[in-house]
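Okay, everyone, let's get the model up on the screen.

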Amino acid sequence: MGDPTPVITGVNPNNWPAGAQTSFTITGSGFGTAPTLSVTGNGVTGSAITSSTDTQINATVTIAANAPSGIATITVTSTGYLGSGFVSTGGSGGSTNSATANASISTTQGVNPTIVWGPDSGGGANCGGTNIAGTQQNVVVGQQIAFTACFPQGETITSEMWSPTVPPGTVVSGYNASTAGGCVVSFGQTTCGTPPSTGVVCGTSSYCDFPMFYWVDTGGNGQTFTITYQYTLNGTNYTGSAPVTFNVTGPTPTGPNGTFFTATSGTVNVWPAGVAKGGSAVNPWLEFGNALNNNGMSLQVTATPPNAPPAGAYASFQWVQLIGPNKQQYVTNPATPNGTMGTGLDNWYPYPTLQGDPDQVSDSPGLELIAYDMSHSIIPIGEGAEVFSATMYLMWDPALPGPGQQSCHPASSIYDPISKTVTPTASTCTGSIPVPLAYASWGFGGDAINTLQTQQSTNTTWLLQPCSAPQPSTPTVQSTTAYPTWTNTVQNQN
Amino acid sequence: MRGQLILALLLALFGSAGARAAREPKTRANAKPAFKITISTPTTTVKAGSPVVVSARIENISDRDMNFVVGPGPRKPMGFIVLDSDGRPVPQTPNGIKFYSRGTQKQPSAKQGSAAKGIPGEAGSVIGFTVKPGKTIGEKSQDDLSKWWDFSKPGKYTIQAEDWDRASKSFVKSNTITLTVTP
């Protein structure tokens, strides 16, 4: 009589995930004292017994990450007791008896990718960061949005994709602005010359960057956007996916009719010396306001910014004014050529404000009613006229520090009481850009003649002509997601 | 215009403080100033050749709004009275002479030399800043006075700012700070 044939009565667990090593137990009888184990099936890369008795085998099995779903076959072979083999009924010893059982290989519990903040500098170096997959991240407009998906090290993929491939909502890839020029880098196109990389930028092994971008508007505060990464491992139908959701907030308009700022018009007139140009003029000016007691155009923020964080500690509103084309005309003897000021940025980026008071600005443009000859002597001027147009943008910069920065300040143009000039300072924030909120187009036209007699309406000898354009009305403030751009700076005529 | 050229020449010879009396009205006695100037420096001892950084804060101490403006045309900078340890005026640098001649001379026009005969006056955006009563501006202003005055000789210097007050038609003077320049 030979040794008994092994019998398998149970395998636990009997569902093995791909991409992992699983410990399992085989129960039954007749395993002998030195059984052997064989596990076969697509994707099975190894198995081993860790301990055994006549009735139980503890073992491990390793399933490749790219294993398809299917059945694995477990075979337990008894080599008898004390390794002596069996004594067959026919008298010949040394034979073996086997038993088989099945377990299923599952790809439904594979390793999903993770998503981490930050663009990957290469090699998946960021992949050790906090996994934000499946979470909702609170962000603000103008914040640099850069994240990377990471999947199991050592695997190769046949396909991968972000969905959607273009971020939902209104986004840009950058905004470069200085007094010298301003341009916006759109997602997938640019006005700056060098096209940005488009589409998904992925590594070859274990990470995949989503192209960096900035949300320009909130799509309505409280709206969320979800972006999902999905991949398929090489030669399989194994897929993994991970979503991340963003809640985008920004400044909330509080002005009349939901506007981000108010615009108030002053008066076009000929203002006398000592009143015109903020009281500093030494000659009369044809001017929209006088910057002393009558501002031509006064603009005041009517919006509430989001709290910090997610906004930065030095988040700030800022203004940008584009002007032109503008024209000045003079009637003098000898003749003075017409002044033409092209289109472009009005002198500074951003528009000047007082330190600590970025929420209000004004402009009182005009022209001095004086002309000179080549030797700088005053020459008679009988008439002066101007047509001026401008568009003022209100922007907001969340002032977020980038990697390696503790804090930062957005761009500003601050009045310096020592030099009595404006000093533009570039943004130091590498983690954010300003975003446009609203704009208002405004302007004025005026024509003044020198009557050579004192006029009550101007307290000068100058008289504003009835044929001048009507007094400017209050401009309409309109919300926008379009950035102000310029390639030219229009300097004041000194 | 000829007068303005003469003023510029005076500035070049005597510096801004020396020329001030010639270009501004006389100080009105007992006039109440509309603002207060406070100057400060982050370091009172500097090495010769190093920047001499000075900040100036202007506080509106009147009961009315104060107006500042930037726009077309040069503006006279805030003046400084810089004296050496013997109380003698410290000479200005060539850049200082140029800087403090701003606002005294019509700048040449780009159209000069063209066929046109006339040169237009100033034109463009005029930006007014209003400082409410009790408010201060310039907390973060910083200017390097070594660009405008010669601090190359070691010794002690006193620095005082002054600016014209349209309201009281007088010069307002700041506090005085003492600077030590080491070799």
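Strands here are DSSP runs of E, at least two residues, numbered from the N terminus, and two strands pair if DSSP finds at least two bridges between them. Residue by residue, A:Tyr372 has B:Ile119 as its bridge partner, and A:Ala371 has B:Pro120.

Quick housekeeping: this is a predicted model, where local features need pLDDT of at least 70, side-chain atom pairs count only at pLDDT 80 or more, and totals for chains, interfaces and linings use all residues. Residues are numbered from 1 along each chain as its sequence is written, with chains lettered from A and ligands numbered from 1 in the order in which they are written.

Back to the sheet: it's open, with 3 strands in the order 37(A)-36(A)-6(B), paired antiparallel.

Zooming out, the contact takes 49 residues from chain A and 39 from chain B; contact means C-beta atoms, placed from the backbone, within 7 Å. On chain A, the elements giving two or more residues include strand 31 (326-332), strand 36 and strand 40 (421-425).

And confidence? Chain A has a mean pLDDT of 84, on the predictor's per-residue scale from 0 to 100. Over residues 88-93 of chain A, though, pLDDT is below 50.

Note on methods: Two residues are in contact if their C-beta atoms, placed from the backbone, lie within 7 Å. Helices (H or I, at least four residues) and strands (E, at least two) are DSSP runs, numbered from the N terminus.
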